[in-house]
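Let us walk through this protein step by step. Keep the model open as you read.

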Amino acid sequence: MEEANIVVIGGGVIGLSVAAQLSKTNEGVYVLEKNRRIAQESSSHNSGVIHSGIHYPHGTLKAELCTRGNTELYRLCRDQNIPCKRLGKLTVAVSEEEIPDLDRLVKNGEENGVKGMRIIDKQGIKKMEPNIVGEMAIYTESTGIVEPDELSNYFMSVLKNNNGTVVTDTEVTGIEDRGNIYLLRGSSAGKKFNFYSRTVVNSGGLNSDQIASFVGLDVDRLGYRLTYKKGDYYRIKGDPPVKMLVYPVPQGNWLGIHMTPDMAGSVKLGPNSYYVDEIDYSVESNSDQFMEEVRRLMPAVAGIEIQPDSAGIRPALAAHGSSFPDFIIKHEREHGHYGFINLIGMDSPGLTASPAIGEYVAQIYENEIDE
Ligand SMILES: Cc1cc2nc3c(=O)[nH]c(=O)nc-3n(C[C@H](O)[C@H](O)[C@H](O)COP(=O)(O)OP(=O)(O)OC[C@H]3O[C@@H](n4cnc5c(N)ncnc54)[C@H](O)[C@@H]3O)c2cc1C
């Protein structure tokens with residue numbers, strides 16, 4: 001019988017950050033990951049943007065953990081040589097009607113404590129990004145990009161240096177709450193296993209609602225049910241038309257198709273947003289929606305060609321309706337499962353927030369479980 005002190009289910013950037021943080025003060029921390037390698041799902045199918053925190057409503061976990069994560073991520077990148085670039089971002093109102101949306105964003109950003117925001121006029125936009133045409137923009141100095149795989153690898157190295165363990169090719173398919181210990185069942189490298197742990201952290205990304213149901217939680221009643229919201233990316237061929245990140249004004253909770261330079265400067269467009277039933281990372285959308293956004297933001301630039309690039313799938317909370325879908329990070333003792341922590345609906349800005357999420361979960365563990 002294998003026994004752990006803490007098991008984290010899911011070796012994405014968030015599960016690894018949580019495990020790394022917990023391993024600093026606890027023995028016997030394990031990450032169980034169903035794939036052969038870590039971080040092969042959302043954690044390597046995203047925009048790689050270090051968000052500033054202006055988008056998320058003040059008072060939400062996303063706002064708090066994103067702004068904190070932004071500062072910590074830049075510090076980590078500097079201290080640990082993780083590739084990142086503080087490129088800055090323009091959020092562009094292409095018409096007068098969109099300007100009030102910018103004002104709302106700035107106000108929200110200020111409430112969230114985002115530093116380095118500036119309103120830029122038409123001429124200013126032209127100076128900063130000569131190909132972009134807009135009436136007004138917000139410049140956010142603290143937005144940037146990071147290499148997501150390197151960040152996941154860093155968290156894994158911290159865990160291993162602290163005697164923690166990552167077990168890949170190991171899928172959890174059932175969990176039993178036996179009062180003072182959890183029995184996890186599943187298959188590891190094709191063989192069945194039983195694994196015991198005092199504490200379980202569910203960081204299963206797109207499967208986290210299913211994993212919560214394993215322990216007996218009613219995911220529909222609790223609002224934990226996920227749907228899959230896919231986003232495709234296209235890439236601009238040839239010379240990059242912008243140097244920094246360029247976003248439209250957001251549409252509701254969706255940030256819109258944006259332009260994101262990668263570490264080499266090549267510019268990705270996307271992601272768009274549509275519901276799917278299956279996890280399939282092939283690009284399914286045609287180029288129309290992407291070219292439309294290019295023409296809206298860069299009406300004077302002729303001859304831009306784009307090609308399909310990649311796709312990601314967001315774990316979207318099904319029950320949020322029109323309200324804001326916040327991260328769910330919850331110790332389930334009030335639902336009768338002491339020592340079981342759920343992380344559900346961990347979509348954007350989960351990459352940016354990952355260092356802060358690790359600390360947040362470690363705090364829950366110290367305050368509520370490790371007594
Ligand atoms: C299209 C898109 C763009 C995004 N852009 C950004 C961005 O620019 N900036 C930003 O900050 N955030 C962004 N995000 C969000 C960010 O990518 C996620 O918040 C983050 O990667 C989630 O990490 P995770 O570890 O929770 O999930 P995942 O990376 O999905 O990891 C979950 C892991 O759990 C494993 N697993 C699942 N079930 C089991 C099981 N039963 N047993 C064992 N293992 C299991 C999976 O294999 C997986 O490895 C984006 C997301 C998407 C989809």
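Asp-169 sits in the loop between β9 (165-167) and β10. The model is a predicted one. Phi of Asp-169 is near 55 degrees, a positive value in a residue that is not glycine. Most residues other than glycine have a negative phi.

Now follow the chain into β10. Strand β10 covers residues 170-177 and runs antiparallel to strand β11, residues 182-188. Seven bridges join the two. Within this pair, Gly-174 stands opposite Arg-185 of β11. The two strands make a hairpin with four residues between them. In its turn, Gly-179 has a positive phi of about 90 degrees.

Ser-187 has Lys-192 of β12 as its bridge partner. Two residues lie between the strands of this hairpin, and Ala-189 there takes a positive phi near 50 degrees. Strands of a sheet pair through backbone hydrogen bonds.

Ala-39 is another residue to check for phi. Its phi is positive, about 50 degrees, although Ala-39 is not a glycine. Look for Ala-39 in the loop between β2 (29-32) and β3. Ala-39 is buried, because 24 other C-beta atoms lie within 10 Å.

Three strands form an open sheet in the order β3-β8-β4, with antiparallel pairing. β3 (49-50) and β4 (84-85) stand at the edges with a single partner strand each, so one side of each has no neighbour in the sheet. Two bridges link β3 to β8, residues 144-146. Val-49 has Ile-145 in β8 as its bridge partner.

Step back to the whole protein. It has eight helices and 20 strands. The C-alpha atoms fill a box of roughly 65 × 40 × 40 Å along the principal axes. What would a compact globule of 371 residues have as its radius of gyration? The value would be near 21 Å, and the protein has 21 Å, so the two agree. Of the 371 residues, 47% count as buried. Among contacts with a separation of 6 or more, 74% join residues 24 or more positions apart.

The largest nonpolar core has 96 residues, and Val-7 and Val-246 touch the most other members. Helix α8 gives the most to this core, with eight residues. Beyond its neighbours within four places in sequence, Val-246 is in contact with Leu-90, Val-92, Glu-129, Ile-132, His-258, Met-259 and Leu-297.

How many residues surround the ligand? There are 42, and the closest are Gly-10, Gly-12, Gly-205, Gly-312 and Gly-350. α1 (13-23), β10, β18 (306-317) and α8 (350-369) each supply at least two residues of this shell. By class, the shell has 14 nonpolar, 22 polar and six charged residues.

A cis peptide bond joins Ser-348 and Pro-349, with omega about 10 degrees. Pro-349 lies in the loop between β20 (340-344) and α8. Another cis peptide bond joins Gly-270 and Pro-271, where omega is about -5 degrees. Pro-271 lies in the loop between β16 (267-270) and β17 (274-276). Most peptide bonds are trans.

Pro-241 is in the loop between β13 (226-236) and β14 (245-248). Not counting residues up to four places away in sequence, Pro-241 touches Asn-131, Ile-236, Val-267, Met-298, Val-301 and Ile-304. Val-133 is in the loop between α4 (122-128) and β7 (136-140). With 17 other C-beta atoms within 10 Å, Val-133 is partly exposed. Its contacts, leaving aside neighbours within four places in sequence, are Met-298, Pro-299 and Ala-300. Val-133 and Asp-149 are 16 residues apart in sequence, and their C-alpha atoms are 34 Å apart in space.

Methods. Residues numbered from 1 in each chain as written. Predicted model: local features only at pLDDT ≥ 70, side-chain atom pairs only at ≥ 80, totals over all residues. Pairing = 2+ DSSP bridges. Contact = placed C-beta atoms within 7 Å. Near = placed C-beta within 6 Å. Nonpolar A, V, L, I, M, F, W, Y, C, P; charged D, E, K, R; others polar. Rg over C-alpha atoms; globule rule 2.2 N^0.38 Å. Buried ≥ 20, exposed ≤ 12 C-beta atoms within 10 Å, placed from the backbone. Core = buried A, V, L, I, M, F, W, Y, C linked by C-beta atoms within 7 Å.
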